[in-house]
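Here is a friendly walk through a structure you can follow on screen. Keep the viewer open as you read.

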Amino acid sequence: MPGNPWFSWSYVVNNAPLIWQRTLEHAGLTIEAVLISAAIAIPLGALVSRSRWLAGPVLGTAAVMYTVPSLALFAILAPLLGIGRTPVLVGLVVYALLIILRNTVAGLSTVDPAVTDAARGLGYGPGRLLVQVAMPSALPSIIAGLRLATVSTVALVTVGVVVGYGGLGQLMFQGFRNNFYRAEIMTATLATILLALVLDLALWAVGRALTPWLRRRTA
Amino acid sequence: MSAPTGVVQQAIVWLNDPLTWTEPGGILELAGEHLVMTAIAVVIAAAVAIPTGAWLGHSGRGAGTVVWLTNASRALPTLGIILLLAAGGLFGNTATVIAAAFFAVPVLLVNTYEGVRGADPDAKDAARGMGMSDGRILLQVELPLATTLVSAGLRVTIVQVVATIPLAALAGGGGLGQIIALGMGTQRYGEVLAGGVVVAGLCLLIDAVLAVGQRLATPAPLRLRAG
């Protein structure tokens, strides 16, 4: 092998199946983590924004969890949950949770009181008010939170390599152990960034499709 | 793999041994190394980010770049950067300090930028009316008004760097991450758990100390308005 190049197309071609497999693992883990986080954080956000006394403790606890470094969290979870995918998934859910929660609460707090009043005047109950009025108004902020959570989760998955499951992080680490094989580390790093961009773009498109009224307003 | 209770017990026994803390390469020495690496990374990041952010905020230029920088920095896998630097010949601690500084610049830059940019326009006008030069306005009016945001940015940055340094251990570097990496390597999961707890504890401790520091760093008049 001539030297140790930073970029090597032949590495990518020769190892395409492995790179693809790791990318799929990476994407799968990210999507699963964000979906679980969203399923917990969005209802919790709705609950928190309805009762002020809950907001302090819930958001405070989430912020403290967020301060704990990913490597430390994985290290705490791995011996308890077993080495592999589960501790990484649980850790990722914890991090994504705070971002989505904060944006849900922020989005719900900006709902126009006049609109809420109008809906109440039309005879909307609290449940219908939340689902049909408050949630759509908060949607742009929630989607912004989902995008942020997704992009940072993609970057975080790589750290999971310490407890044996890191998607593309496994390629980075393998390249490092393989006598600093630069092309492998570089390819995995770029693939991680690319995956973040692709998922972000997909969510942006979903958000755009879900909020047609925003486009009409600006057009 | 041993049962969870066994692991927890191992971790407690390990943490309760005074030698674990005081021996050469023990927790205290590693924590010291961890904090020195953090300090170097933060100083480098601040030296780059604060003047740049202040200047951009003062001139009002580069808003697009700043937003782009923040978004892009979230997608960067720090581990990848550390390993790339290692593969380029910068090993362990040096690579990690550089990667952590890289990671810290956007947060600090954005906060400084927003702080300087958001300084009360009336105050700026008054300063200009009194004949202050651009540089003096920046140093004596805008930056003091921005301290709240700059110190908030510094707090986030420092905590983030403390949280990033453990990754050094994966590239053969020092700091508290070594406990975790060593425990994983030797399959002593009690030590992995204990290392995780120590690193997490240090982060929470630093964050608490900085919360007090942030309050002290905020000029009294701004503090009154916020509180």
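## Buried spots, helix ends and a cavity

Thr104(A) sits in helix α5 of chain A, residues 85-109; helices here are DSSP runs of H or I with at least four residues, strands are E runs of at least two, and both are numbered from the N terminus. This is a predicted model, in which local features need pLDDT of at least 70 and side-chain atom pairs count only at pLDDT 80 or more, while totals for chains, interfaces and linings use all residues. Residues are numbered from 1 along each chain as its sequence is written, chains are lettered from A and ligands numbered from 1 in the order in which they are written, and side-chain values use heavy atoms, with hydrogens and water left out.

Is Thr104(A) buried or exposed? Thr104(A) counts as buried because its relative accessibility is 0%; buried means under 20% relative accessible area, exposed over 50%, and partly exposed in between, with a 1.4 Å probe and protein chains only. Setting aside residues up to four places away in sequence, Thr104(A) touches Ala41(A), Ile42(A), Gly45(A), Ala46(A) and Ile142(A), where contact means heavy atoms within 4.5 Å.

Glu25(A) belongs to helix α2 of chain A, and Gly53(B) to helix α3 of chain B.

| Residue | Helix | Relative accessibility |
|---|---|---|
| Thr104(A) | α5 (residues 85-109) of chain A | 0% |
| Glu25(A) | α2 (residues 16-50) of chain A | 17% |
| Gly53(B) | α3 (residues 27-59) of chain B | 0% |

Beyond its neighbours within four places in sequence, Glu25(A) is in contact with Tyr165(A), Gly167(A) and Gln170(A).

Next, look at helix α6 of chain A, residues 113-121. At its start, a side-chain oxygen of Asp112(A) comes within 3.0 Å of the backbone nitrogen of Ala114(A). Just after α6(A), Gly123(A) has a positive phi of about 95 degrees.

Now for chain B as a whole. Chain B has 11 helices and zero strands, and its C-alpha atoms fill a box of roughly 70 × 40 × 30 Å along the principal axes. Of its 227 residues, 47% are buried. Among the contacts in chain B with a separation of 6 or more, 74% join residues 24 or more positions apart. Chain B exposes about 10,600 Å², with carbon and sulfur atoms supplying 67% of it; the areas come from the Shrake-Rupley method with a 1.4 Å probe, and for residues only the protein chains shown count as cover.

How many cavities of 30 Å³ or more does the structure hold? There is one, and the largest cavity has a volume of about 40 Å³. A cavity is a set of points, on a 1 Å grid over the protein atoms alone, where a 1.4 Å probe fits but cannot get out, and lining residues have an atom within 4 Å of a point. Points are joined across faces, edges and corners, and the volume is the space filled by probe spheres set on them.

The lining of the largest cavity consists of Leu76(B), Thr78(B), Ile81(B), Ala99(B), Phe102(B) and Phe103(B). In chain B, α5 (78-87) and α6 (92-117) are the elements that give two or more residues to this lining.

Terms used:
1 Å grid on protein atoms, 1.4 Å probe; cavity = no way out; pocket = protein on both sides within 12 Å on 5 of 7 lines; lining within 4 Å. Polar contact = N/O pair within 3.5 Å; in protein donor to acceptor, adjacent residues only side chain to side chain.
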